[in-house]
Amino acid sequence: MGFDAIWISPVVKNTPLGYHGYWAEDWYLPNPYFGNQDDLVNLVKKCHEKDIWVMIDVVANHVGPVDFNYTTIVPYNLPEHYHGCEGCDTNADTECWVYDYDDPYQLVNCRLFGLPDLNQSVPFVYDTLIDWISGLMASTGADGIRVDTAQYVDKSFWTNYLSAANVFQFGEVSDDDTEFVASFQPPFDSVLSYPMFYTLRDVFCSGSPMTKIHGQELDYGIYFQDKTVLGSFIDNHDQVRFLCCNSDVALYKNALAFVLMADGIPIIYYGSEQEFNGCGDPYDREPLWLSGYNTQSELYQYITTLVAERKAKQLWNSLYEESTIDESFYSFSRGDTFIALTNGGSAQAELSRTITSHPYQVGTVLCNVLDNEQCTKVVSCTESPSGCFGVSLENGLPQVLIPSE
């Protein structure tokens, strides 16, 4: 499909039923269901031979669900390695849990869904976590880390942890508050683009006006230090899949086009290319092998085409410039690539707009890389000194226009 980086699950041994990797039991043993340490090193090596970078998911906030019996957790087997329950939920069934996600104290000191919360202010915990991440990166040669539950750890801890890792990082700050999420860049090089994720879901899943994307872009420009390196996505393992919230593949194609062609580092969740539609954990974590790894599926080919165009044009080197925007139409350009999107869905009649803001000269013929028969020409017009061209979106499908050879 043309991807040049992969993000893999946490690699340490987990407590029972921790198939996903986020319930650590022993920091110093690999997850036996994934393989051994040599297998991990060899994976990174083989990926590098194919010019593919490897990002490892890591967790420093919590351990597996062992209640208050820590004896099986290595090396954090003592109660003093964890935060207490002061200021947390006191209900019997949810003792020690976070119950107010707007309370900064609870985020850092209480348990996320009952998972024992490591206390990084304890010197032993602090030192071993930092030594572990340094050793993991040195021993594997991996290229980056995705840091789980970043907002649930005191921000001061991350500076030395990330320095010890000495690789590029995505921090997971799962929130729709742009200012709050942006406050984690720094210490993180980048964070997952959660505020835009929620905006895209509102627009393409729920039919909210496309002007919301413009509003979110304005906020990104205000709050983020560098929005071009944010991890852009429309699906991940913690959210119901897009095709669960809306089964219209045309809408999904528009959302995917934004992720792959707009600002940020695009992240495509496995199974998207097979039209997986799982509705919540664990159903959004389907086994990929049941799909037969179909390389001829509609979305496999669609994503492959967009990735190839992104790389051919090196879009990351071009500014993101918004163009015509209204409630049902959103367009932007990057270099000489023009992207037109709609949230009307497959039942939408032909949607036409005249584009006056663009990077082209009069006489330029533009064709859709997703359908070479769809072309348009920039012509002289009174509305713009650089000319105008028409865009007609059929059956709710996006267009990615480039100058014709």
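**Notebook: strand pairing in two regions**

I began with the hairpin, in which two residues link strand 14 to strand 15. Here I took strands (E, at least two residues) and helices (H or I, at least four residues) as DSSP runs, numbered from the N terminus. The model is a predicted one, in which local features need pLDDT of at least 70, side-chain atom pairs count only at pLDDT 80 or more, and totals for chains, interfaces and linings use all residues. Residues are numbered from 1 along each chain as its sequence is written, and side-chain values use heavy atoms, with hydrogens and water left out.

I next looked up the partners of strand 14, counting two strands as paired if DSSP finds at least two bridges between them. Strand 14 (residues 365-368) runs antiparallel to strand 15 (residues 371-377), with four bridges between them. In this pairing, Leu 366 lies opposite Thr 376 of strand 15. Strand 14 also pairs with strand 18 (residues 399-403), antiparallel and over three bridges. There I found Cys 367 opposite Ile 402 of strand 18.

I then turned to an open sheet of five strands, which has parallel pairing and the order 1-4-5-6-7. Its edge strands, strand 1 (5-8) and strand 7 (190-191), each pair on one side only. Within the sheet, four bridges join strand 5 (residues 144-147) to strand 6 (residues 168-171) in the parallel sense. I noted Ile 145 opposite Gln 169 of strand 6.

Last, I examined helix 4 (residues 155-165), which packs on this sheet and touches strand 4 (53-58), strand 5 and strand 6; contact means heavy atoms within 4.5 Å. The direction of helix 4 makes about 150° with that of strand 5. Axes are lines fitted to C-alpha atoms, for helices over the stretch in contact, and angles run from 0 to 180 degrees between N-to-C directions.
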